[in-house]
Amino acid sequence: RSFDKIFRQNTPLVQTIISKIRNVTEDLISKGLRNIKIMTFCGTHEWTTVYYGIRSLLPKNIELVAGPGCPVCITPSEVIENAIRLAMEGIRIYTYGDAYRVPILKRGLPRSLMEAESFGGNVKSVYSFLDAIKDSRLYGKESVFLGIGFETTAPAYAIPFAHNIVPKNLSFLSSLRLTPPIMRYTLDLYMKKGIKSIDGVIAPGHVSTIIGAESWEFLPREFSIPTVVAGFEPLDVLLAIVEILRMINENRPGIIIEYRRAVTWHGNLQAKKVIYEVFSIIDAGWRGIGFVPRSGLDLQQKYRNYNAYEIYGLSNHGNNHDDLPPLCKCSEVVLGILKPIDCPLFMKVCTPERPYGPCMVSEEGTCLIWAKYGGFG
Ligand code: SF4
């Protein structure tokens with residue numbers, strides 16, 4: 001496969017790393033540690049893992065599980081339903097291409113923003129918030145930007161507000177979410193449900209360029225989980241696995257920045273400053289999961305004239321934990337409890353061409369990644 005080519009060009013290096021992984025794993029087995037579960041938090045890490053067949057290179061007792069790092073997958077159905085309702089009332093909704101296709105739960109409404117548009121709803125797909133700002137200025141009528149994303153995207157939303165360039169006719173429907181709180185929630189849930197905990201975490205690289213590696217420091221400190229902030233090349237992922245195994249073997253859980261070309265300990269201070277000048281931290285809903293404390297961002301009171309929740313009297317940010325289509329296992333997939341192939345609908349009812357659940361929509365969605373690149377190993 002052509003996409004293997006770059007990876008294969010590194011064969012001697014890859015083999016050195018693989019043999020290191022094998023050596024440490026044998027050591028761990030000799031110490032009685034048979035199964036090691038490592039979470040690739042970020043959808044892009046899962047993409048690298050599947051695309052380059054990394055699971056097939058690892059010893060059988062190392063399990064890589066995907067994590068909640070897909071903003072489109074976890075945006076509550078209610079938030080998109082609100083956007084669809086507004087679009088059907090003629091208010092222009094700006095959205096990114098992947099959010100455009102996310103299926104909602106509610107009956108009696110078009111199934112997605114895409115379907116809303118085909119029924120005459122006012123929906124416009126854009127590449128960025130700035131594109132929406134430009135278009136909205138020309139348009140001059142009521143419009144709403146559906147703001148989906150994690151900490152990586154938040155500065156791009158915050159800066160136009162901080163610089164006062166958002167036109168008065170454009171409001172913001174925030175579905176911004178924060179990643180460390182959902183990681184903590186996942187670990188607490190594992191503990192409550194008696195699920196085998198995670199032995200290591202590959203922390204998200206892009207998010208960490210903003211929030212810094214320090215944001216993941218609670219993982220080794222409170223949960224004794226070795227953590228590596230990694231880049232997105234296949235070698236980055238393999239190196240992260242080696243480092244996690246080494247920390248487990250030495251029984252010295254810590255945090256390592258493998259992605260040094262982009263991530264620092266404190267992150268991007270200016271970006272963090274502008275985010276918290278514009279947004280406040282709120283308890284926020286995650287699709288199929290429900291409210292997670294202090295896991296979302298919404299516009300501060302001083303920007304309330306731009307806040308679509310206030311302007312249109314919309315209900316909260318997705319309290320309903322039961323907002324997946326029947327039988328869809330997306331919440332378990334997102335929390336690393338199930339794999340896409342454990343879902344009875346995978347590649348039967350739910351396919352990339354006709355997504356039934358939200359994890360089959362975005363390029364960062366585990367189900368779509370597995371469906372497209374075959375991560376069944
Ligand atoms: Fe949900 Fe589709 Fe994934 Fe099943 S395959 S968990 S229905 S997104």
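## A close look at helix packing

Guide: Start with the residues that touch. In α3, G43, E46, W47, V50 and Y51 meet T366, I369, W370 and Y373 in α17. By class, this contact has six nonpolar residues, two polar ones and one charged one. Keep in mind that the model is predicted.

Now the geometry of that pair. Helix α3 covers residues 43–51, and helix α17 covers residues 366–373. Their axes come within 10 Å and cross at roughly 20°. Angles under 35 degrees count as roughly parallel. α3 and α17 are therefore roughly parallel to each other. The crossing of α3 over α17 is right-handed. An α-helix has 3.6 residues a turn, so residues three or four places apart point the same way.

Stay with α17. How many of its eight residues are buried? Seven are, so α17 is largely enclosed by the rest of the structure. The buried set is T366, C367, L368, I369, W370, A371 and Y373. T366, I369, W370 and Y373 are also the α17 residues that meet α3. But α3 is one of several partners. The buried residues of α17 also pack against α4 (54–57), β2 (62–69) and α16 (330–334).

Look next at what flanks α17. After the helix comes G374, with a positive phi near 70°. M347 is not a glycine, yet its phi is positive, about 65°. Its relative accessible area is 39%, so M347 is partly exposed.

Go back to α3 for one more residue. T48 lies in this helix. Is T48 buried or exposed? Its relative accessibility is 1%, so T48 counts as buried. Leave aside its neighbours within four places in sequence. T48 then contacts I54, F232, E233, P234 and V237.

Step back to the domains before the next pair. The protein is divided into domain 1 (2–70 + 180–257) and domain 2 (73–178 + 267–311). Their C-alpha centres lie 32 Å apart. Across the boundary, 15 residues of domain 1 are in contact with 18 residues of domain 2.

Turn to α8 and α9. Helix α8 spans residues 129–139, and helix α9 spans residues 154–162. They pack at an angle of about 40°, with their axes 9 Å apart. That angle makes α8 and α9 oblique to each other. From α8, the residues in contact are F129, L130 and I133. They meet A156, Y157, P160 and F161 of α9. The class count here is seven nonpolar residues, with no polar and no charged ones.

α8 also carries S136. With a relative accessibility of 0%, S136 counts as buried. Which residues does S136 contact, leaving aside its neighbours within four places in sequence? They are Y94, S143, P167, N169 and L170.

α9 has another partner, helix α14 (residues 269–278). The axes of α9 and α14 come within 8 Å and cross at roughly 65°. α9 passes α14 in a left-handed crossing. On the α9 side, the contact is made by A154, P155, A158, I159, F161 and A162. On the α14 side, it is made by A271, V274, I275, E277 and V278. This contact has 10 nonpolar residues, no polar ones and one charged one. Note F161. It meets α14, and it also belongs to the contact of α9 with α8.

One last stop is strand β11, residues 290–299, which contains R294. R294 has a positive phi of about 50°, although it is not a glycine. How accessible is R294? Its relative accessibility is 52%, so R294 counts as exposed.

To recap the helix pairs: α3 and α17 are roughly parallel, whereas α8 and α9 are oblique. The α3 crossing over α17 is right-handed, and the α9 crossing over α14 is left-handed.

Definitions and conventions:
Residues are numbered from 1 along each chain as its sequence is written. This is a predicted model: local features need pLDDT of at least 70, side-chain atom pairs count only at pLDDT 80 or more; totals for chains, interfaces and linings use all residues. Side-chain values use heavy atoms; hydrogens and water are left out. Axes are lines fitted to C-alpha atoms, for helices over the stretch in contact, and angles run from 0 to 180 degrees between N-to-C directions. Helices (H or I, at least four residues) and strands (E, at least two) are DSSP runs, numbered from the N terminus. Angles under 35 degrees count as roughly parallel, over 145 as roughly antiparallel, 65 to 115 as roughly perpendicular and the rest as oblique. A crossing is left-handed if the near helix is turned anticlockwise from the far one by less than a right angle, and right-handed if clockwise. Contact means heavy atoms within 4.5 Å. Ala, Val, Leu, Ile, Met, Phe, Trp, Tyr, Cys and Pro count as nonpolar, Asp, Glu, Lys and Arg as charged, and the others, Gly among them, as polar. Buried means under 20% relative accessible area, exposed over 50%, partly exposed in between (1.4 Å probe, protein chains only). Domain bounds come from an automatic or database domain assignment.
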